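Hi everyone, thanks for making time for this. I'd like to walk you through one structure, so please take a look at it with me.

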Amino acid sequence: MKPLFLFCVIFTSFIPDNIFGLVGSYAKTSMVSIAFDDGNTNQYINALPILDSIGYKATFYIITKTLNESNSARMNRGQVFQLYADGQEIGSHGRNHLDLAFCWPWTIKYEIEQSKKDLHNIGIDANSFAYPDGGSNFLARYYVRQAGYANGRGTPRDGYTGVNTDQYNLCCKYVVNTTTVNEIKNWVDESKRKGYWLILLFHAVNKSESNYQFSCTRKTFKEICLYLKSKNAAVLPVGQALKRYFPASQPKNLN
Ligand SMILES: [Zn+2]
């Protein structure tokens, strides 16, 4: 038994702390991030003015093939770059919004790498990735890391990110058209109480109620932001929140 024990000690001592993206440091505080998937134009029209009025920065995950299309339902490259220039975070949501859990390895690699290049080509350095439809596997998480992203977000719909969460499979909570403001207030309160990082995920933000499941109203969005403000919540884009929440997981040349 003793040689085996000694072998285990020596072997594990050579494994980096976060070899699989598992973060090992303890968060001193709770965090909140506001995230938007799919690059819908209504986010720019209806949510951005509210963010600006409160001074919040969020993370917008873009399906990068839409940067080359003229599709009024998606933000154009000028709007995306404007967000970035104003200090909002731009992340990748893949090039073609494919569920990477069901793709060939070369497709997974392409979707992750090419979308980063697409954003780079318009002057944006993307450090955050959101798996389309929440689909990821070991290979997808590996390629996200290899491509130079600092984090990847999955889409478990009822998850907080905690100190033991894989930084390449961050959890979030969906805001859908049946989610009430009171529910979200409870999430905010619980995350603060337990020291979690709450990532609130939005899709469409509409002027009025919609049958589209992945939507909320502008009024709901504003009430959430005002509640966060009233609670003095630490609201940061995903990339910045990652550094604050898991400081020990960052390379030494970052702060
Ligand atoms: Zn999506």
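Let me start with helix 2, where N42, Q43, Y44, N46, A47, L48 and L51 are buried. Please keep in mind throughout that this is a predicted model.

So what covers those buried residues of helix 2? The cover includes strand 1 (31-37), strand 2 (59-62), helix 3 (77-85), strand 7, strand 8 (204-206) and helix 7 (218-230).

Now the shape of helix 2. There is a kink of about 45° at A47, shortly before the proline P49. As for the length, helix 2 covers residues 41-54, and at 1.5 Å a residue its 14 residues should span 20 Å; the end C-alpha atoms are 20 Å apart, which agrees. After helix 2 comes G55, with a positive phi near 90°.

Let's move on to helix 4, residues 105-121. Which residues of helix 4 are buried? They are I108, E111, I112, S115, K116, D118 and L119. Looking down the axis of helix 4, you find the buried residues within an arc of 160°, so they line one face of the helix. On the other side, W106, H120 and N121 are exposed.

The buried residues of helix 4 have their own cover, which includes strand 2, strand 3 (89-92), strand 4 (128-130) and helix 5 (138-146). Just after helix 4, G123 has a positive phi of about 90°.

Is V32 buried or exposed? It counts as buried, because V32 has 22 C-beta neighbours inside 10 Å. Setting aside residues up to four places away in sequence, V32 touches V188, S191, L198, L200, L228, A233, A234 and V235. Take L200 from that list: V32 and L200 are 168 residues apart along the chain, yet their C-alpha atoms are separated by 7.4 Å.

Nonpolar side chains in soluble globular proteins tend to be buried together. In this model, the largest nonpolar core has 65 residues, and those with the most contacts inside it are A35, I90, W197, L198, I199, L200 and F202. Strand 7, residues 197-202, gives the most to this core, with 6 residues.

I'll finish with F202. Leaving out neighbours within four places in sequence, F202 is in contact with A35, F36, A47, V175 and C216. A47 is also where helix 2 has its kink.

Conventions
Residues are numbered from 1 along each chain as its sequence is written. This is a predicted model: local features need pLDDT of at least 70, side-chain atom pairs count only at pLDDT 80 or more; totals for chains, interfaces and linings use all residues. A nonpolar core is a set of buried Ala, Val, Leu, Ile, Met, Phe, Trp, Tyr and Cys residues joined through C-beta atoms within 7 Å. A residue is buried if 20 or more other C-beta atoms lie within 10 Å of its own, exposed if 12 or fewer, and partly exposed in between; C-beta atoms are placed from the backbone. Helices (H or I, at least four residues) and strands (E, at least two) are DSSP runs, numbered from the N terminus. Two residues are in contact if their C-beta atoms, placed from the backbone, lie within 7 Å. The expected span of a helix is 1.5 Å times one less than its number of residues. The bend at a residue is the angle between axes fitted to the seven residues ending there and the seven starting there. The arc is that of the directions from the helix axis to the C-beta atoms.
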